[in-house]
Amino acid sequence: MTKLLAPAGALQDRLKALTPARLKGMRRGIEKESLRAKPGGGLALTPHPAALGSALTHPGITTDFSESQVELVTGAHASPEATLQELTELHQFTYRTMKELGDEMLWVSSMPCGLPTDETIPIARFGSSNVGRAKSVYRMGLSHRYGRRMQTISGIHYNWSLPGVSSEEYFALIRNFRRHAFLLLYLFGASPAVCSTFVEGRQHELQTLSGSTMYMPYGTSLRMGRLGYQSDAQASLAVSYNSLDGYGASLQDALTRPYPAYEAVGIRNPGGDYNQLATTLLQIENEFYGTIRPKRVIYPGERPLHALRERGVEYIEVRLMDLDPFEPVGINAQTMRFLDVFLLHCLLSDSPNDTPQEIAELKHNQHQTAARGREPGLKLKRGGREIALTAWGAEVVAQCAPIAAVLDAAHGGTPYSDALTMASAALLDASTLPSARVLAAMAGSHDNSFIKFIRAQSEKTQGILQAQLLSPDQLARFAALTEASLQEQKKIEATDTMPFELYRQQYVSAERLGMPGRQSRHTPVGAHFV
């Protein structure tokens, strides 16, 4: 294979290494989180519907942090359309099931609906098996560390791979992605406002828009800003993406380093119930918040870091995409095509090693774009200097043009170039952005109320998807998946013999994290964990 990241040669030359067959081997999949909400716009406190199957073992329908937070997961597909088709069918089945059980709907915004007191938000439950209990204890740990409100934020994760890409090349992609992630926040951020219940008792920089609605006038994605997945503890992590070994060492340190505030919480409370899985800075790998992650499919019971160290990066997970409330399933094909072009640009472009100074700049740029991305003349930091967000974004889009042309030639038509045209127009006119459209719709028809607008969009989406009926064959397939997942959970629970405390100790032990650069023995201890 031609080395994509050779120091010499322009991006156009590297494109020649990508044959049409290899480009058609590109795969993408989606994980989409959504809160279940009541008709009035408050959080539904009912259990995850049993008719949807086991949240522990169903391949496509599970829960995230909360019992009230549905997560829909597609497989990896060869086209955006095929991915969206599966995601739509998952929504159709979920809505059909919810309709039979009551009047709940899926909340179509990344920022949550009206929330009750923090301790009232239900943590997801996964049954009585060791792996099921561990998943719930992990979430209890998150609630102690960050509060439950923060965990109710929902988003879309975009999983992406290309054949023949090495771990080294994926890490180069990740470095460039982090450099240019501001463009995705600008183009696709759709959470400029939030219900005041989300920030109750917290310090924030939001402004009041109406009685119960807070916002940032030029905000794009409050979810990815200072209000979102942030923590003082994780701010102390200086994770580098210069190599798998360095990344692994950073994570291993966080997974094994005792953290005083979490030691004070303890593993168990005085009554014997579990507070968290561990008292280290991170309980497990997935607690590390990032805009993008290197990923590898894990064996049952295997630690994600062990899998990466032993078998390398298999795909990347883009984690900064907001739910688009104007799209029935939260994302559309054009957005996915832009992501495909953008990720190929990150892969093919020169990618120097990151530095502590650059990492600090990138965090600054993320927060600025999230809070003020549509502000006219907004400047970001690049290499110690300032550059206008729109100018930098236009540079990136222009560099993507030859990549879009090659993708169009491989697939026919001009859909990838059309996605770039959309992005160029949005850089010139911020009023076309989802974040601006959200605020305009709130002002135009919903008394500047976040809850009223998202409730109306959620009801509209519910109607659209409930009107699209699944075929008898599709219904039979989902019924079979539901039953199989319930039986699999029972099987796991029936075969558990290890005491939970021993299971926990073994799972979080440093020995299970693997060693950089060498094979290590794998001992399964249970089903897939997070």
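User: Where is Glu511 found?
Analyst: In this predicted model, Glu511 is found in the segment that follows helix 18, which covers residues 500-508.

User: And is Glu511 buried or exposed?
Analyst: Glu511 is exposed, because its relative accessible area is 68%, and the cut-off for calling a residue exposed is over 50%.

User: What separates Glu511 and Val239, going by their C-alpha atoms?
Analyst: The C-alpha atoms of Glu511 and Val239 are separated by 21 Å, while the two residues are 272 residues apart along the chain.

User: Switching to the inside now, how many residues has the largest nonpolar core?
Analyst: The largest nonpolar core has 146 residues, and those with the most contacts inside it are Trp160, Leu173, Phe177, Phe338 and Leu344. Helix 6, which spans residues 167-188, gives the most to this core, with 13 residues. In soluble globular proteins, nonpolar side chains tend to be buried together.

User: Which residues is Trp160 in contact with, leaving aside its neighbours within four places in sequence?
Analyst: With those neighbours set aside, Trp160 is in contact with Met26, Arg27, Arg28, Tyr170, Leu173, Tyr315, Ile316, Asp340, Leu343 and Leu344.

User: Back to helix 6, at what angle does it cross helix 14?
Analyst: The axes of helix 6 and helix 14 (residues 415-428) cross at roughly 80° and come within 10 Å, and that angle makes helix 6 roughly perpendicular to helix 14. On the side of helix 6 the contact is made by Leu183, Tyr186, Leu187 and Phe188, and on the side of helix 14 by Met422, Ala423, Ala426 and Leu427. Sorted by class, this contact of helix 6 with helix 14 has 8 nonpolar residues, with no polar and no charged ones.

User: How do helix 6 and helix 12 pack, parallel or perpendicular?
Analyst: Helix 6 and helix 12 (residues 356-372) pack at an angle of about 0°, with their axes 9 Å apart, and they are therefore roughly parallel to each other. Here Arg178, Arg179, Phe182, Leu185 and Tyr186 of helix 6 meet Glu358, Ile359, Leu362, Gln366 and Thr369 of helix 12. The residues of this contact divide into 5 nonpolar, 2 polar and 3 charged.

User: New topic: why is helix 10 described as largely enclosed?
Analyst: Helix 10, residues 304-311, has 6 of its 8 residues buried, so it is largely enclosed by the rest of the structure. The buried residues are Leu305, His306, Ala307, Leu308, Arg309 and Glu310, and they pack against helix 8 (244-256) and strand 9. Just after helix 10, Gly312 takes a positive phi of about 85°.

User: Which way do the residues of strand 9 point?
Analyst: In strand 9, residues 292-295, Ile292 and Pro294 point one way while Arg293 and Lys295 point the other way, and all are buried. Strand 9 pairs with strand 10 (residues 315-321) in the antiparallel sense over 4 bridges, and Ile292 stands opposite Val318 in strand 10.

User: Last one, in what order do the strands of the open sheet with 3 strands run?
Analyst: The order is 6-8-7, and the pairing is antiparallel. The edge strands are strand 6 (193-195) and strand 7 (207-210), each of which pairs on one side only, and neighbouring strands of this sheet are turned by 40° against each other on average, direction ignored. Strand 7 is joined by 3 bridges to strand 8, residues 213-215, where Thr213 is the bridge partner of Ser210.

Notes:
Residues numbered from 1 in each chain as written. Predicted model: local features only at pLDDT ≥ 70, side-chain atom pairs only at ≥ 80, totals over all residues. Heavy atoms only, no water. Core = buried A, V, L, I, M, F, W, Y, C linked by side-chain atoms within 4.5 Å. Buried < 20%, exposed > 50% of the residue type's maximum accessible area, 1.4 Å probe, protein only. Helix = DSSP H or I, 4+ residues; strand = E, 2+ residues; numbered from the N terminus. Contact = heavy atoms within 4.5 Å. Pairing = 2+ DSSP bridges. Axes fitted to C-alpha atoms, helices over the stretch in contact; angles between N-to-C directions. Parallel < 35°, antiparallel > 145°, perpendicular 65-115°, else oblique. Nonpolar A, V, L, I, M, F, W, Y, C, P; charged D, E, K, R; others polar.
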